[in-house]
Amino acid sequence: MCELSKSGFAKMNSGITLRSLAAADLPAVARLERLCFSQPWTESALQSELENGCLFWGVVADRTARAGIKSAPAQVTDTCLAGYIGLKIAADEGYMGNLATAPDFRRRGIGSMLVSAVLEYAKKKRLAFVTLEARVSNAPARALYEKKGFTLMGIRPGFYSNPGDDAAIYTWKG
Ligand SMILES: CC(C)(COP(=O)(O)OP(=O)(O)OC[C@H]1O[C@@H](n2cnc3c(N)ncnc32)[C@H](O)[C@@H]1OP(=O)(O)O)[C@@H](O)C(=O)NCCC(=O)NCCS
């Protein structure tokens, strides 16, 4: 995993770049939300999150990385947003928000790269823990979090609606 440069960019291989996201990226994030979730965050809700200190990272794919991919996920100028993640900080605690990889880019390590970016940030800032909720039925996400070192702390019954589901609560400690 590479560090973000001062400009917030980190060039990965094969046309894939991890970088922090800013207000100008939020329309693309909102489109990615609509592609991936039954109850997507709107652009204005994402804007409020950003203004309240939420940090966002994204993986953008240039034309090289998109070769052979027919659909065009959320556009970020001449690149497209292949995935994103959000993190809120309260004192020394990290709360991981939505994580999404565009359907055509899944199983290529992008989700893993995004979670690693959050955990590297958490280590650098000496956060006591990073916690998150996932639908109990969301096997891909749960497998990803467990692979990245999160521990299942408990189940919160009836946490989700549309469709209804319990929440699995995961925590990572540095
Ligand atoms: C969950 C999600 C973010 C994974 O993104 P991704 O870019 O495909 O993940 P990666 O390619 O980095 O996969 C990393 C690991 O996660 C696990 N994983 C990912 N997708 C999986 C799947 N469909 N089935 C089982 N395990 C899966 C595997 O352990 C995988 O490692 P491996 O490929 O070496 O087996 C993606 O499926 C997604 O956006 N889903 C819809 C939105 C969502 O559910 N977000 C999470 C909300 S809590």
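Biologist: Which of the 20 residues around the ligand come nearest?

Modeller: In this predicted model, the residues that come nearest to the ligand are R106, G111, S112, P140 and L144, out of the 20 residues around the ligand.

Biologist: And which elements give two or more residues to that shell?

Modeller: Three elements do so, namely strand 6, covering 93–101, helix 4, covering 110–124, and helix 5, covering 139–147.

Biologist: Where does the largest share come from?

Modeller: Helix 5 provides the largest share of the shell around the ligand, with 6 residues.

Biologist: How many nonpolar, polar and charged residues are in the shell?

Modeller: Sorted by class, the shell around the ligand holds 10 nonpolar residues, together with 6 polar and 4 charged ones.

Biologist: Switching to strand 6, do I read its pairing with strand 5 as parallel or antiparallel, and over how many bridges?

Modeller: Strand 5, which spans residues 79–90, pairs with strand 6 in the antiparallel sense over 7 bridges, and within that pairing L87 has M96 of strand 6 as its bridge partner.

Biologist: What sits between strand 5 and strand 6?

Modeller: The two strands form a hairpin with 2 residues between them, and A91 in the turn has a positive phi of about 55°.

Biologist: How many bridges join strand 6 to strand 7?

Modeller: There are 3 bridges joining strand 6 to strand 7, residues 129–135, and these strands run parallel, with E93 standing opposite F129 in strand 7.

Biologist: What unit do strand 6, helix 4 and strand 7 make?

Modeller: Together, strand 6, helix 4 and strand 7 make a β-α-β unit that is right-handed, and both strand 6 and helix 4 are among the elements giving two or more residues to the ligand shell.

Key. Residues numbered from 1 in each chain as written. Predicted model: local features only at pLDDT ≥ 70, side-chain atom pairs only at ≥ 80, totals over all residues. Near = placed C-beta within 6 Å. Helix = DSSP H or I, 4+ residues; strand = E, 2+ residues; numbered from the N terminus. Nonpolar A, V, L, I, M, F, W, Y, C, P; charged D, E, K, R; others polar. Pairing = 2+ DSSP bridges. Right-handed = clockwise from strand over helix to strand, strands pointing away.
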